[in-house]
Amino acid sequence: MIKQLQLSSLSRGLLPLAFGYYEKAIGHEITRSDHDDNLILCCVNGSGSVTVGKKTYQMNSNDVIFLPKGYSHRYKASVKDPWSIYWAHVDGHMFDEFMDIIGIDGNNLHMTLTEPQIVINEFKQLMESRHLGYQLNRFFVASNMLKKIFSLMTLQRPIVSLSTNRNLSAHSIHVYFDNNIDRLLNLNDMAKYFGLSKFYFAKKFQHMMGNSPIKYFLELKIQRACKLLDSTDIPINSVAKTLGFEDPYYFSRLFKSIMGISPSIYRQSRHGH
């Protein structure tokens, strides 16, 4: 059934592997050092704790924690006031995308629901879907219930952090890239600077500039490299380092992939003269 769900466009974005509800889960304790799927826990009553690496999250009513695949973890219910939790093991690329929109990352895997009842109601409906039988169309329903649950969570946390107060425009992008031309920026760096989630930054950037942020930035670097090769006689290795490339061979391969010729041949041709 899981293999069929992974193949269908109706479910492969976010598909259920297992889900359930534990009420007043006395003695509930799980440790996983090898975690090969995504897991979400939603506490509706009581309390417990979740440890990921060296960080421990205290879980109380209306708290949710996201555990992406690959994150070793340990969680347990409180002895005095054991939690009641909904849980779901899920697969699919939309898990990461929803985490990004909600603002969840490795530094903070926790959120508190501001309107918990609407999410809890959907979890209840998801639990009811278990009684519909093991037919593919029934699991399509469960898959889309999960998407609705995650979508409702995005509404309970600001999608965009405006603390940086930097507007995303063609001008601000060029200024930011120009000021950091000597660095190898990643998507996290760029999105954080503009106060946007990675998902929304990449989507908005593509719409504005007609290219992905990383590819656009690398092309600007190669434009600057061309200028340096045209107007100076500094060694090609030094040109590479000036633009943040520690590996001159990588720089040469990138240059040739964009310009069609190697940096040395480009310099010999003296395009700028």
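This is a predicted model: local features need pLDDT of at least 70, side-chain atom pairs count only at pLDDT 80 or more; totals for chains, interfaces and linings use all residues.
**Figure 1. Strand 6 and its two partners.**
Five of its five residues are buried, so strand 6 is largely enclosed by the rest of the structure. Buried means under 20% relative accessible area, exposed means over 50%, and partly exposed is in between (1.4 Å probe, protein chains only). Asp63, Ile65 and Leu67 sit on one side, Val64 and Phe66 on the other, and both faces are covered. Two strands pair if DSSP finds at least two bridges between them. Strand 3 (residues 38-45) runs antiparallel to strand 6, with four bridges joining them, and Ile40 faces Phe66 across that pairing. Strand 9 (residues 110-112) is also antiparallel to strand 6, this time over three bridges.

**Figure 2**
Strand 2 pairs with strand 7 in the antiparallel sense over four bridges, and Ile30 stands opposite Tyr75. Strand 4 (residues 48-52) is antiparallel to strand 7 too, over five bridges, with Thr51 opposite Arg74.

**Figure 2. The second largest pocket and helix 4.**
About 230 Å³ of space lies in this pocket, and strand 1 (15-22), helix 1 (2-7) and helix 4 each give two or more residues to its lining. Strand 1 provides the largest share, four residues. Of the 14 lining residues, Leu17, Phe19, Arg130, Tyr134 and Phe139 lie nearest the centre. A pocket, on a 1 Å grid over the protein atoms alone, is an open set of points where a 1.4 Å probe fits, with protein on both sides within 12 Å along at least five of seven lines; lining residues have an atom within 4 Å of a point. Helix 4 (residues 136-154) has 19 residues, and its buried ones include Phe139, Phe140 and Leu146.

**Figure 3. Helix 8 and Met259.**
Helix 8 (residues 213-231) has buried residues that pack against several helices, among them helix 7 (198-209), helix 10 and helix 11 (263-269). Ile222 and Cys226 are among the residues buried in helix 8. Both turn up again as contacts of Met259, along with Tyr266, leaving aside neighbours within four places in sequence; contact means heavy atoms within 4.5 Å. Met259 itself belongs to helix 10 (residues 248-259) and is partly exposed, with a relative accessible area of 36%.

**Figure 4. Ile26, out on a loop.**
Look for Ile26 in the loop between strand 1 and strand 2 (29-32). At 75% relative accessibility, Ile26 counts as exposed. Ile26 and Leu184 are 50 Å apart in space, C-alpha to C-alpha, and 158 residues apart in sequence.

Conventions
Residues are numbered from 1 along each chain as its sequence is written. Side-chain values use heavy atoms; hydrogens and water are left out. The expected span of a helix is 1.5 Å times one less than its number of residues. Grid points are joined across faces, edges and corners, and a volume is the space filled by probe spheres set on the points.
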